[in-house]
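Hi,

Here is the structure I promised to pass on.

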Amino acid sequence: MAENILRGRAWVFGDDVDTDLIYHNKYLAITDPKEMAQYSFEYYPGKENFAKEAKPGDFVVAGHNFGCGSSREHAVYCLKELGIPVILAESYARIYYRNAVNNGYPVLVVPEITKKVKDGDELEVNLDTGEIKNLTTGEVMHGDAVTDLEKEIMAYGGLIPYLKAQAAKEQK
Amino acid sequence: MGKTFAEKVLGKAAGEDVKTGQVVTVEPHFCMSHDNAAPISKIFKKIGVEKVWNPDHIVFILDHAVPAPTDKHAENHKIIREFVKEQGIKHFYDVNSKGGVCHQIMCQEGYALPGLVMVGSDSHTCTYGAYGAFSTGIGRSEMAATWATGKIWFRVPESMKITVKGSFKKGVSAKDLILKIIGDIKADGADYMSVEFHGPAISQMSLAERMTLCNMGIEMGAKNAVCPPDEKVLDAIKDNAKTDKWEAIWADDDAVYAKELEYNLGELEPGVAKPHTVDNYAPVNEVAGTPIHQAFLGSCTNARIEDLREAAKILKGKEVAVRTIVIPASWKVYRQAMEEGLLNIFLDAGCIINNPGCGPCMGNHEGILAPGETCISTANRNFKGRMGNKESFIYLASPMTVAASAVKGAIADPREVL
């Protein structure tokens with residue numbers, strides 16, 4: 001299987017999943033991303049055990065406006081540290097989306113995905129083409145690619161490595 | 001074809017003519033961080049740059065957990081003080097009587113200025129639009145990168161025009177307006193957009209009221225929210241502007257908007273956001289009588305002197321029926337409230353007054369709720385668990401509604417006691 005084709009279980013969340021539900025403000029003083037993973041979705045009703053039960057490679061699937069609320073980057077770090085390879089949501093809150101890109105964390109916009117994927121379904125995601133197959137139902141969806149600049153930042157693994165590379169280019 | 005505020009202000013900062021949808025790179029004038037300057041400084045060190053691009057453009061204001069409630073918070077504050085010294089950052093508000101809630105300080109102390117591009121590592125940075133600034137919240141990595149390079153990219157956003165006419169009826173305020181707007185267009189109704197407030201009612205509003213509107217722009221997903229830089233703004237900044245680089249920029253009359261809305265204040269009534277989302281609007285009379293256990297008058301949304309005066313009018317000579325926590329937005333506001341006799345009114349009524357800061361707004365300290373408890377709050381978020389316990393309930397409302405409810409021990413319509 002090509003490196004950018006991923007398989008895993010879908011964990012389906014609703015609309016307007018706010019940053020307190022993803023990563024509660026109670027743990028904001030933590031600065032080491034490794035410590036953050038265990039608190040992922042601790043406040044999400046019915047998914048309190050997500051951090052314990054989700055396996056590396058599983059997918060987070062969500063409705064509209066994922067990550068609304070605070071600018072806390074913990075809400076990106078925790079899922080990345082947990083080994084969730086990509087988020088598939090119908091839309092994202094602006095700051096969350098930008099934080100994800102800045103950390104080289106793939107987030108795809110997938111219209112109506114919460115209507116097409118149920119909690120526990122097996123998915124196959126091609127990060128290069130944005131194609132998403134629901135292996136449980138056979139349905140195929142498409143995730144929107146990000147803009148060119150965002151793609152470039154992602155290709156470097158995030159904003160900091162991107163800036164370092166830019167600075168190195170300028171020096172030459 | 002005219003230009004929107006976002007097109008003009010980002011065009012000026014980029015030094016070129018820009019259109020909606022274009023990506024521009026600009027130098028932000030002020031970069032604000034609060035207690036999270038500590039983790040940001042750690043990310044900054046990893047970039048491999050020794051000094052920030054310009055220490056005079058960086059502002060640190062400790063407010064999220066002050067004085068430090070835990071050793072972890074204390075350690076973060078210490079890291080910030082060391083970084084301030086090392087980098088020569090002079091705009092630093094430590095735990096002392098010059099400080100307060102970061103967004104209040106940015107407006108009160110002359111950082112928020114018309115036509116400036118400003119960023120903050122806090123989602124409510126959009127507040128400075130009340131002073132005509134283009135200001136928006138960013139994450140930590142992005143802030144660290146901005147300290148290092150002095151640059152940040154933005155996609156020039158689509159704009160939404162909200163025209164407001166009429167005047168507030170008794171017992172109704174700017175908070176009721178913004179809760180109603182968010183209830184109408186929902187938490188993602190302005191996603192990625194620049195929200196412009198227009199109309200005669202905005203001109204009538206105080207800067208405090210405009211701050212309440214712009215502060216909650218993020219709660220409908222906006223990139224920024226802004227009011228016209230009129231005489232009231234120019235008057236407020238004339239003696240304390242921290243730079244002369246500002247310019248009164250406003251949208252053209254024939255600018256093109258992705259969406260236009262109109263509100264008439266005369267039709268508005270007191271409202272609340274019910275648990276657990278900000279867009280879960282209800283007129284206050286629909287929820288009147290809901291028992292509460294705590295009332296909170298504070299936060300970057302509604303703790304200015306104007307807000308405290310409105311609450312004091314209702315609390316004067318009365319006694320609160322539940323724990324009522326008052327936190328002025330800054331020490332300047334605190335002192336003014338003291339001089340005007342408002343603090344005595346609150347104390348006589350049985351309220352407690354905490355030191356300026358974010359307090360219990362995001363569940364750090366100074367008023368955490370117990371399971372099953374309900375709080376009515378003047379803050380901006382009622383997410384599940386926001387005030388520290390996931391089995392608790394938060395209603396958002398205006399200072400008048402919070403004061404009236406505190407007296408009754410249940411959600412109450414302020415018009416009944418005014």
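In what order do the seven strands of the open sheet in chain A run? The order is S4-S3-S2-S1-S5-S6-S7, and the pairing is mixed. Strands here are DSSP runs of E with at least two residues, helices are runs of H or I with at least four, and both are numbered from the N terminus. Two strands pair if DSSP finds at least two bridges between them.

Before you go further: this is a predicted model, where local features need pLDDT of at least 70 and side-chain atom pairs count only at pLDDT 80 or more, while totals for chains, interfaces and linings use all residues. Residues are numbered from 1 along each chain as its sequence is written, with chains lettered from A and ligands numbered from 1 in the order in which they are written.

With S2 (residues 59-62) of chain A, S1(A) pairs in the parallel sense over three bridges, and A:Ala10 stands opposite A:Phe59. With S5 (residues 122-126) of chain A, S1(A) pairs in the antiparallel sense over five bridges, and there A:Arg9 stands opposite A:Glu122.

Now the contact between the chains. Chain A puts in 31 residues and chain B 39, where contact means that the C-beta atoms, placed from the backbone, lie within 7 Å. On the chain A side, helices H1 (19-22), H5 (94-102) and H8 (159-171) each supply at least two residues; H5(A) gives the most, with five. That side divides into 10 nonpolar, 13 polar and eight charged residues. (Nonpolar is Ala, Val, Leu, Ile, Met, Phe, Trp, Tyr, Cys and Pro; charged is Asp, Glu, Lys and Arg; the others, Gly among them, are polar.)

Last, chain B itself. Chain B is divided into domain 1 (5-243 + 258-263) and domain 2 (269-416), with bounds from an automatic or database domain assignment. The C-alpha centres of the two domains of chain B lie 24 Å apart. Their contact takes 34 residues from domain 1 and 35 residues from domain 2. On the domain 1 side, H6(B) has the largest share, six residues.

Cheers

Conventions
Two residues are in contact if their C-beta atoms, placed from the backbone, lie within 7 Å.
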